[in-house]
Structure formats: structure tokens, C-alpha cells
Amino acid sequence: QVQLAESGGGLVQAGGSLRVSCAASGTIFSIFAMGWYRQAPGKQRELVATITSGGSASYADSVKGRCTISRDNAKNTVVLQMNSLKPEDTAVYYCYGNLRTGLGRRYDDYWGQGTQVTVSS
């Protein structure tokens with residue numbers, strides 16, 4: 001069994017900063033990529049940022065220059081630092097991990113429960 005537990009999030013004023021963290025635990029053999037998606041009310045879930053085990057990061061255009069994703073491979077954790085937040089960043093943020101639970105097994109996506117980020121204007 002694999003669990004991804006998010007922490008952080010909350011309410012912040014526009015222009016402020018927030019950090020969301022995620023820790024993966026359970027039967028994990030290796031993790032290729034970890035990252036964050038978000039889903040605002042009435043909208044589809046969208047990718048925010050992702051980072052590979054080698055440290056290669058990519059960001060949605062909407063957050064480039066405002067967000068930084070980092071990862072600790074030894075601890076199976078990923079952190080998203082968000083700065084200069086805007087009301088349109090308001091959403092539930094979901095952590096994900098593309099991982100495998102054993103040698104020879106395929107890589108699958110696992111998801112956290114989500115954490116609310118609300119940016120007030």
C-alpha cells in the first residue's frame with residue numbers, strides 16, 4: 001500500500017506565499033516523478049509542477065517564475081513553494097507520485113487526498 005500525505009496549504013492574501021508539502025510512504029521501490037496538480041471549482045484538474053528523480057523540473061505557464069518545486073529522494077518528499085499568489089491560484093492541490101512498488105513492476109500514479117489553497121483578493 002502507498003500513501004501520499006499532503007500538508008500545508010491554507011488561506012493567504014494575494015501577493016503572499018504558501019508552501020505545500022507531500023510525503024510518500026508505504027511499499028515503494030522507486031519513484032520516477034513527483035509533483036502537484038490543482039483543481040479549482042468547476043474546472044478540470046491541471047498540472048502545476050513536476051520534478052523527476054534526477055531533479056528535472058517543469059512548471060505550468062501560469063505559475064512559472066512564482067513557484068519552485070523541490071524534492072528529497074531519500075525521504076520521498078516533494079515541496080511546492082508558491083510566491084506572489086493570485087486569487088486564481090485558489091484550488092485544491094493534489095500531490096502525486098509516479099512510482100513502482102517493486103522491481104519489475106510498472107510505474108503507476110498515486111495521489112494524495114488534496115489540500116485547499118485559498119488566495120483572497
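**Group meeting talk: a protein made of strands**

Hi everyone. From the N terminus on, the elements of this protein run β-β-β-β-β-β-β-β-β-β-β. That gives 11 strands and 0 helices. Helices here are DSSP runs of H or I with at least four residues, strands are runs of E with at least two, and both are numbered from the N terminus.

A quick word on the source. This is a predicted model, where local features need pLDDT of at least 70, side-chain atom pairs count only at pLDDT 80 or more, and totals for chains, interfaces and linings use all residues. Residues are numbered from 1 along each chain as its sequence is written, and side-chain values use heavy atoms, with hydrogens and water left out.

Let's begin with the overall shape. Along the principal axes, the C-alpha atoms fill a box of roughly 50 × 25 × 20 Å.

How many of the 121 residues count as buried, as a percentage? It is 41%. Buried means under 20% relative accessible area, exposed means over 50%, and partly exposed is in between, using a 1.4 Å probe and protein chains only. Among contacts with a separation of 6 or more, 56% come from residues 24 or more positions apart; a contact means heavy atoms within 4.5 Å.

Now please find strand β8, residues 77-82. Of its 6 residues, 5 are buried, so β8 is largely enclosed by the rest of the structure. Which strands does β8 pair with? One is β3, residues 18-26, joined to β8 by 6 bridges and running antiparallel to it. Another is β7, residues 67-72, also antiparallel, with 6 bridges to β8. Two strands pair if DSSP finds at least two bridges between them.

Look at Q81 in β8. Q81 is the bridge partner of R19, and T68 stands opposite Q81 as well. I69, for its part, stands opposite L80 in β8.

β7 and β8 form a hairpin with 4 residues between them, and N76 in the turn has a positive phi of about 55°.

In sequence, S62 and E88 are 26 residues apart, and their C-alpha atoms are 9.6 Å apart in space.

Let's finish with the rings. The structure holds 3 aromatic pairs. Rings of Phe, Tyr and Trp (its six-membered ring) pair if their centres lie within 6.5 Å; planes under 30 degrees apart count as stacked, over 60 as edge-to-face and the rest as tilted.

One of these pairs is Y37 with Y96, which is edge-to-face, at 5.5 Å centre to centre and 80° between the planes. This pair links distant parts of the chain, 59 residues apart: Y37 is in β4 (residues 30-39) and Y96 in β9 (residues 91-100). Are these two tyrosines buried or partly exposed? Y37, at 24% relative accessibility, counts as partly exposed, whereas Y96, at 9%, counts as buried.

Y96 also pairs with W111, and this pair is tilted, with 5.6 Å centre to centre and 35° between the planes. Since Y96 lies in β9 and W111 in β10 (residues 108-111), the pair ties together parts that are 15 residues apart in sequence. Ring pairs link Y37, Y96 and W111 into a cluster.

Finally, meet R45. The charged end of R45 sits over the ring of W111, 4.9 Å from its centre. R45 also lies over the face of Y94, at 3.8 Å from the ring centre. A charge sits over a ring if NZ of Lys or CZ of Arg is within 6 Å of the ring centre and within 35 degrees of the ring normal.
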